[in-house]
Amino acid sequence: MPVPPPTGRRRPRPVARAAIGGGVLLAALVGACSDANSNPNSDATAAPTSETAPAEWRTIAAAGEAPSLSIAWRPRDRREIPRNVAFDLEVQVRREGLPATIDALQVSGWMPAHNHGLVQLPTVRPAAGAASHKASGTASGHGNDAADGRFVVEGLLLHMRGQWELRFTVHHGGRPSILVDTVEVDTPPLPLDSPLRLDDDAIARALTFSPLPDPPPDPTNAVADDPAAARFGQALFFDARLSANGAVSCATCHDPGRSWSDGRTLAKALAHHPRHTPSLWNVAYNRWFFWDGRKDTLWSQALAPFEDPREQGSSRLEVLHVLDGDPASVEAYTQVFGIWPGFADTERFPPAGRPVDEQPLHPHQQAWDTVSPDDRLLVDRAFSNVGKALAAYERLILSRRAPFDVFVEGLRDGDDAKLAALSPAAQRGFALFTGKAACHVCHDGPNFTDLEFHSNRVPTGEGVDPGRALGVLRLKADPFNSASAFADDGGLVGARKLALAPRAWHIPGEFKTPSLRNVAVTAPYMHEGQLQTLEQVVRFYSTLEGAAPPDPSGERLIEARHLTDAEQADLVAFLRSLTDETLPPELMAAPAPPR
């Protein structure tokens, strides 16, 4: 049934639906009764519209002593039975297929599974225009007689999900005959005209998951939202000259053609890496960076791969020398950050060099030792600006209008076309996501992540990756962290942020909760790429088959959810509905050089 346009806030009221099953004595679906629908004595006063078109009649027939007695019924002014909302029925009592004169009609409901009936009794009255046989009968479920057997049942309320019996007690000839039909309220939903399948609670939850707002500001990066900085950063992102062998760029592992990842189980650039390459989608929303959170700003994260021997294997001095020899890069830097310091003097600025504190004999460290403190500060400032330009570009890699978001727009404005963006299976999957499967405990909010660290008990390779427990120590020692002199707010935000990140909260093996936006196109999954498909991920959390044992001192979030195969399929359908890879084409490759 199409959802009527709501008033005020224009949020559609969800309708819980009932699937109508077989009667206890006998129930058979019949087509819409053309004779009943065209009856001039019908209560209907206007031609039905697409929103009020009557439901089909259902017929149940008595057995035993009253085989010729039957009842046809249907919801009045609606196409299905709602849950926990009072509604009316139209009823026709027939004998041998003809309208029957009876003494009275009583209607009630019963839930066999819970051994209880209705919380309120409906009122039964003759339908408008029906001939009365005698003026008797009471309210509370007993109705006046009708000579032509037509009644209206008002105020029927099926307040719980599950199987209900509708019991029609026909009083005729001094004896009652009970005819029973069954309905399934909310289990499962019917294929109806309306695309909406969620109840009130699920709708309220869905509204908290969309829309995804603009990325939060970064006070540590004064050029975070500067278009010129983003253009410069885009050129840096695709520039393989900044690596030791001239062949590895940021895009090597974060390939826009592979949804900003690399499709590998474990990362590989100059060498193999022990962790999986995370996608860059919506990286601007992160609170911490890398799987272990050892960086706390996007710009400081962008610096690390340059100097990691397994990734680009370069050094800050090598990066700056490449830029120094490229007039276009110097011009772009100057436009964003002001005066370019200039690094052509190799006596002051060796061709390669960086701090390698744990290896004092490393050639990079030995070259760094020759640089004066003032020049080191100059190098570090320019190097940090390289990271800030990269961050300005990466903040544009946004996924914000997946089919799920379109669906939530439909919930807000009552647009059936938007509601149809989410399939019935995906809607059921969302209900599981925030219900039985409890995925939202960690994957919460419009970016589907709590931004923090957990042990998910997925089995790992040899050894123990300390994860966040070591990452937080590395973060506090990082010379480019958000409390450093290179933060553009003077370290004000970072000082508090780092003070609230004690190592004692974390046990080995905790890793950052990734966003689930575009999760369907960023396989494989987990920090070591252990699971290759969404189906494997959902099955793992459903069964915990092969899971690592929980740490006795760790949190207790991961429990087997025991989802059926159908539920697992629905959950995967929902996860696929979070896909939106729409970006301006000009962001997907290196920009054209300035003229």
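**Close-up views of a predicted model**

View 1. Strand E4 (residues 69-75) pairs with E5 in the antiparallel sense, and seven bridges connect the two. Within this pairing, Glu90 of E5 is the bridge partner of Arg74, and Val91 of E5 is the bridge partner of Trp73. E5 also pairs with strand E11 (residues 150-156), again in the antiparallel sense, over five bridges. Here Phe87 stands opposite Leu156 of E11. Strand E5 spans residues 87-95; seven of its nine residues are buried, so the strand is largely enclosed by the rest of the structure.

**View 2. The hairpin of E5 and E6.** Strand E6 (residues 98-99) pairs with E5 over two bridges in the antiparallel sense. Pro99 in E6 is the bridge partner of Arg94. Two residues lie between the strands of this hairpin, and Glu96 in the turn has a positive phi of about 55°.

**View 3. Strand E4 and its pairing with E3.** Strand E3 (residues 58-61) and E4 run antiparallel and are joined by four bridges. Arg58 stands opposite Trp73 of E4. In a regular strand, side chains alternate between the two faces of the sheet. In E4, Leu69, Ile71, Trp73 and Pro75 point one way, while Ser70, Ala72 and Arg74 point the other way. Are these residues of E4 buried or exposed? All are buried, those pointing one way and those pointing the other. Seven of the seven residues of E4 are buried, so the strand is largely enclosed by the rest of the structure.

**View 4. Helix H7, with its buried and exposed sides.** H7 covers residues 327-337, and its buried residues are Ser329, Val330, Ala332, Tyr333 and Val336. They lie on the same side of H7 because they cover an arc of only 165° around the axis. Pro327, Glu331 and Gln335 are on the other side of H7 and are exposed. Gly338 follows H7 and has a positive phi, near 95°.

View 5. Leaving aside residues up to four places away in sequence, Leu378 touches Pro341, Phe343, Arg348 and Phe349. The C-alpha atom of Leu378 is separated by 9.8 Å from that of Gly342, although the two residues are 36 residues apart along the chain.

**View 6. Aromatic pairs and a ring cluster.** Searching the whole structure gives 25 aromatic pairs. One of them, Phe404 with Phe448, is edge-to-face, with 5.9 Å centre to centre and 75° between the planes. This pair links distant parts of the chain: Phe404 belongs to helix H10 (residues 403-413), Phe448 to the loop between helix H12 (424-433) and strand E14 (453-454), and they are 44 residues apart. Both Phe404 and Phe448 are buried. Another edge-to-face pair is formed by Phe540 and Tyr541, with 5.3 Å centre to centre and 70° between the planes. Phe540 is buried, at a relative accessible area of 6%, whereas Tyr541 counts as partly exposed at 26% relative accessibility. Ring pairs also link Phe209, Phe404, Phe430, Phe433, Phe448 and Phe574 into a cluster.

**View 7. Charged ends over aromatic rings.** The ring of Phe290 has the charged end of Arg294 over it, 3.8 Å from the ring centre. The charged end of Lys497 sits over the ring of Trp288, at 4.9 Å from the ring centre.

**View 8. Overview of the protein chain.** The chain contains 16 helices and 15 strands. It has 595 residues, of which 51% count as buried. Among contacts with a separation of 6 or more, 71% are between residues 24 or more positions apart. The chain exposes about 26,200 Å², and carbon and sulfur atoms supply 55% of that area.

Conventions. Residues numbered from 1 in each chain as written. Predicted model: local features only at pLDDT ≥ 70, side-chain atom pairs only at ≥ 80, totals over all residues. Heavy atoms only, no water. Buried < 20%, exposed > 50% of the residue type's maximum accessible area, 1.4 Å probe, protein only. Arc of directions from axis to C-beta. Pairing = 2+ DSSP bridges. Phe/Tyr/Trp six-rings, centres within 6.5 Å; stacked < 30°, edge-to-face > 60°. Lys NZ or Arg CZ within 6 Å of the ring centre and 35° of its normal. Contact = heavy atoms within 4.5 Å. Areas by Shrake-Rupley, 256 points an atom, 1.4 Å probe, with all protein chains shown as cover.
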